Amino acid sequence: MIRNALGLVLGLILGIRLTEYWDLSHMRSNTNMVIPQSQNKAWLFNETRVLCLVLANPLYITSMKAKVRSTWGKRCNKLIFMRSRMRKNFNGSTFAGVKASLRSIYRHHFEGYDWFLKADANTYVIMGNLRRFLYRYDPESSLVFGHRQRSDFREGYMHGSAGYVLSRGAMRRLNLFAFNGSNICDPKNHSFSALEDSKKSFAALDGRNNSMALEDTHLSSSAEDRAMGLCLKHVGVIPGESRDGLNQERFLPLMPRWLMPGNATLKPYTDTIYFKPTTANCCSDTLISLHSVNGVDFDLLEFFLYKVRVFGDHKPLPKLPPRLGFREMHSLLRYWSQVVSNNLEKPGA
């Protein structure tokens with residue numbers, strides 16, 4: 001009997017190991033399969049499904065919704081608008097509204113999508129680059145991507161103006177452990193004085209003095225995004241690396257013109273970001289998002305990104321990166337969970 005039991009146990013262990021080996025080999029074979037270039041766009045649209053939640057200022061919601069819908073928003077798998085509680089001279093938090101929207105999405109749309117993007121109505125997102133970036137990662141992992149800011153907690157948070165992306169795993173954790181009636185993510189339990197209020201710092205950085213610039217820049221700034229960062233920290237969601245291989249930012253909380261080397265407005269920006277900035281260039285050539293886009297800017301970006309063709313320019317199209325296997329994904333998550341900021345600049349110094 002002991003011999004039979006031992007044989008059964010050994011058989012089960014061997015079967016599990018063989019199954020793991022088959023799964024890993026199958027995953028790698030699927031990862032390395034060649035997708036015809038002409039089918040990449042349509043194939044990836046259904047392979048990496050992104051639901052877009054757009055936070056809109058009620059003062060300009062009609063015009064901004066129209067611009068988003070006619071430009072980058074039409075490339076989302078699903079587009080949902082949320083009316084913010086912002087109004088003139090209002091400096092409160094929009095976290096409660098974002099929380100309610102994410103709860104509703106979890107109840108009604110969770111099963112149909114892999115990633116959940118939260119953006120402002122004056123953020124422009126290059127959806128093709130976003131899908132290519134997300135493709136290699138397992139959406140069931142608990143991850144958030146975006147433009148990472150320093151704060152008074154080690155993990156920092158993703159700047160709301162640049163937009164941030166939650167995985168299915170992150171959405172599940174938020175709704176099961178934080179948005180279920182507990183007070184684990186109640187902003188009243190936390191201090192919101194970590195860094196200089198981004199309404200002031202980013203409005204000054206943008207070089208615009210009118211009140212509308214202040215409102216638009218603050219549409220989802222310090223209170224909401226920092227509260228979300230704390231909430232994600234408390235439920236165990238890991239901030240992923242969003243920069244490219246040259247350590248250049250893919251998610252931008254400002255227009256690129258304000259972040260070019262030599263620009264006097266660059267220092268206030270570099271003082272508050274999580275990672276020490278590079279000096280070679282403002283941003284990645286696989287840029288995903290940029291902020292403070294207004295009116296005609298949406299149409300200009302559409303024109304230059306999708307219609308202009310340059311004679312003699314034979315730059316190869318970027319290829320899809322290989323999809324990570326289970327062990328590779330696990331190792332990466334463990335590494336990201338231990339990352340600390342290497343930006344030693346003091347804000348406002």
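Q: Which residues lie nearest the centre of the largest cavity?
A: This is a predicted model. In it, 13 residues line the largest cavity. Five of these are named as nearest its centre: V144, G156, Y157, G229 and L232.

Q: How much space lies in the largest cavity?
A: The structure holds 6 cavities of 30 Å³ or more. The largest cavity has space of about 110 Å³.

Q: Which element gives the largest share of the lining of the largest cavity?
A: Two elements give two or more residues to this lining: β7 (157-158) and α9 (222-234). The largest share is 5 residues, and it comes from α9.

Q: How do the residues of the lining of the largest cavity divide into nonpolar, polar and charged?
A: Sort the lining residues by class. For the largest cavity, the lining divides into 8 nonpolar, 2 polar and 3 charged residues.

Q: Is L230 buried or exposed?
A: L230 sits in helix α9. A residue is buried when its relative accessible area is under 20%. L230 has 7% relative accessibility, so it counts as buried.

Q: What distance separates the C-alpha atoms of L230 and Y157?
A: Along the chain, L230 and Y157 are 73 residues apart.

Q: What is the volume of the second largest cavity?
A: The residues that line the second largest cavity include H147, R148, E241 and F275. By class, its lining has 2 nonpolar, 4 polar and 4 charged residues. Its volume is about 60 Å³.

Q: Which residues lie nearest the centre of the largest pocket?
A: The largest pocket has a volume of about 1,600 Å³. Its lining has 15 nonpolar, 5 polar and 10 charged residues. Helices α2 (40-47), α5 (127-135) and α11 (296-306) each supply at least two of the lining residues. Nearest the centre of the pocket lie N129, L305, Y306, L317 and P318.

Q: Is N247 buried or partly exposed?
A: N247 lies in the loop between β9 (238-239) and α10 (266-272). Its phi is positive, about 65 degrees, although it is not a glycine. The relative accessible area of N247 is 38%, which falls between the 20% and 50% cut-offs. N247 is therefore partly exposed.

Q: At 4% relative accessibility, does S292 count as buried or exposed?
A: S292 lies in the loop between β10 (289-291) and α11. It is not a glycine, yet its phi is positive, near 70 degrees. The cut-off for buried is under 20%. At 4% relative accessibility, S292 therefore counts as buried.

Q: What share of the residues of the protein count as buried?
A: The protein has 12 helices and 10 strands. It has 349 residues, and the share that count as buried is 48%.

Technical notes. Residues numbered from 1 in each chain as written. Predicted model: local features only at pLDDT ≥ 70, side-chain atom pairs only at ≥ 80, totals over all residues. Heavy atoms only, no water. 1 Å grid on protein atoms, 1.4 Å probe; cavity = no way out; pocket = protein on both sides within 12 Å on 5 of 7 lines; lining within 4 Å. Points joined across faces, edges and corners; volume = space filled by probe spheres on them. Helix = DSSP H or I, 4+ residues; strand = E, 2+ residues; numbered from the N terminus. Nonpolar A, V, L, I, M, F, W, Y, C, P; charged D, E, K, R; others polar. Buried < 20%, exposed > 50% of the residue type's maximum accessible area, 1.4 Å probe, protein only.
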